[in-house]
Amino acid sequence: MPDPLNPLIIQSDGSILLEVFNNKFEKARNELSKFAELVKSPEYIYTYKISPLSLWNAASSGLALNEILLTLENFSKFDIPENVLTDIKLIYERFGMVEIHKNPDDINSLFLVVKNDECDLEINANKNLKKFLTNRLSRGKYLINLLDRGSLKIAFLNYNIPVYDIAGYADGKSLEINLRTTAKSGLPFGLRDYQVNASESFYQSGSRYGGSGVVVLPCGAGKTIIGIDTMSKIKANTLILCTSVAAVHQWIREILDKTDLTEDDVGEYSGDKKVIKPVTICTYQILIYHREKDNLYPHFSLFQKNEWGLIIYDEVHLLPAPIFKITSEIQGTRRLGLTATLIREDGLEKDVFCLIGPKKFDMPWKVLEKQKWISNATCYEVKIPLPKDQLMEYLIADQKSKFNISSKNRYKLDVLKTLLKKHKDSSILVIGHFIDQIKDIAEKLNLPLITGKTTNSERDKVYEDFRNKKYKIIVVSKVANFSIDLPDASVLVQLSGTYGSRQEEAQRLGRILRPKENNVSYFYTLVTKESIEEQYAYKRQRFLTEQGYNYEISFWDKGEENE
């Protein structure tokens, strides 16, 4: 029954308002995040929306319709509009209405099964969907081409028809992989409860209901371990795709440390080396390299080599478009996506859903923080005035130039010095989007710098020296946004970012979330007040706000006083 003390207001247009200063706020937010998307997060009221994709991800992860409706009922302040309940039921029930099944008599074809007559009519009336139905076998059952498996799923989802793919997968070449109980480093090793649940949610005991999908967990929560555990379950040749050579090396270290595989079993395929082994770790960059004159991707052949039984896509939210294309063609291979956030600024989350698989496991960041599996992070936004001598330049500039001027505000160096002094005993990352800005700061403060032009061997050396406390502070470009294991980093100062990128903000916070001795971290973002950068900062913070992080606002005015 509705309760005026509840935190939710569900409106007839389908939007959901959540009161922040309500005793049930945190619990309601955690439940809502399972099937709704945060749209706006001002100080007092959050706005959510329920989208078809959010409902279908919920359905694929095992969340029942009645659980969704019960959440809305239990937390609603007023009666829920009937049209909203009807829409949720109709959208949710479309999941599983169309399925892809294995054809036991022909390895080159599959069955498409449509369980609803109205949906069957809808598909046949749409020329963009009917073209996939090459052969009608019986009522609601069609023979489809094996190679259409990926493109069919995308086409159908474009018309709000999610396809539940339970055709199963090829086994791949067998490879015995076992987890150690004591890591090679000598430390005890075992999976945490949520890691076990995430791995099993993907694997589904080896049944046709498992084998493709995405696991969403914050940085520092051990997504690599989930990937390794999945490998030990499937026991087949595995291809792992990463964002950088540093990430490749990190995967290799973890695999050799925590499984019984040897160096003879694990290969690196990157710009530096091209060694194919039963377990091969590769960069996205080398895969999407192509010759402009013929537009061919010479390294795509890697997908067809070695009879892969599993492909792991690390940081799957960054998947380049050419990798989507080849993934569409290899739907018969098990696929695991790992990410801290499924947000894509290009809106291609639906392609991840179709080609890699639906979201199989997710856990709120703050839940893991409370359980002490990730560091307790405090976020700050420091608002800084623009120097008076740059104000006129800013006012007459176009939008892009305004962003550049405000992002490179020279007072940020003074604020940075203050923060470095405040946290002088901590391991600190200073990160920025603009290369000239971070180069200038690294030179003025005599700090080591890593950019895209830093060689892989130099990067590895700087990261290793940082881990070993030789360096307490390093300056990095956006190359350090992803998959870098710097467990002792406890302070991050963000000088500038990529416009309003929510996923970048989340990834950067993730650099300091690995559990540590005192388990406390600090995330500072420096923003020019009353500027376009301030507007972008608000957009960047939305995802983290949804996860329960609040930005403490402070104002820095020393620069003005010194003029």
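Predicted model: local features only at pLDDT ≥ 70, side-chain atom pairs only at ≥ 80, totals over all residues.

In strand β15, G337 has Y313 standing opposite. The chain passes from β14 to β15 by way of helix α12, residues 321–329, in a β-α-β crossover that is right-handed.

**Pairing of β15**
- Strand β14, which spans residues 310–314, runs parallel to β15 and is joined to it by 5 bridges.
- Strand β10, made up of residues 212–216, is likewise parallel to β15, and 5 bridges join these two strands.
- G337 of β15 is the bridge partner of V214, and G337 also stands opposite Y313.

**Burial of β15**
- Strand β15 covers residues 334–339 and is mostly covered, with 6 of its 6 residues buried.
- R334, L336 and L338 point one way from the strand, while R335, G337 and T339 point the other way, and the residues of both sets are all buried.

**Largest cavity**
- The count of cavities of 30 Å³ or more comes to 3, and the largest of them holds about 170 Å³ of space.
- Its lining is made up of 17 residues, of which V163, Y164, D165, S212 and P358 are the closest to the centre of the cavity.
- Strand β9 (163–165) and helix α13 (349–355) each supply at least two residues of this lining, and β9 gives the most, with 3 residues.
- Sorted by class, the lining of the largest cavity comprises 9 nonpolar, 4 polar and 4 charged residues.

**Second largest cavity**
- The second largest cavity has a volume of about 90 Å³ and is lined by 14 residues, with S496, G497, T525, E533 and R540 lying nearest its centre.
- Helix α16 (399–407), strand β22 (520–528) and helix α21 (532–540) each contribute at least two residues to the lining of this second cavity.
- Among the contributors to that lining, α21 gives the most, with 4 residues.
- By class, the residues lining the second largest cavity are 7 nonpolar, 5 polar and 2 charged.

Notes:
Residues numbered from 1 in each chain as written. Heavy atoms only, no water. Buried < 20%, exposed > 50% of the residue type's maximum accessible area, 1.4 Å probe, protein only. Pairing = 2+ DSSP bridges. Right-handed = clockwise from strand over helix to strand, strands pointing away. 1 Å grid on protein atoms, 1.4 Å probe; cavity = no way out; pocket = protein on both sides within 12 Å on 5 of 7 lines; lining within 4 Å. Points joined across faces, edges and corners; volume = space filled by probe spheres on them. Nonpolar A, V, L, I, M, F, W, Y, C, P; charged D, E, K, R; others polar.
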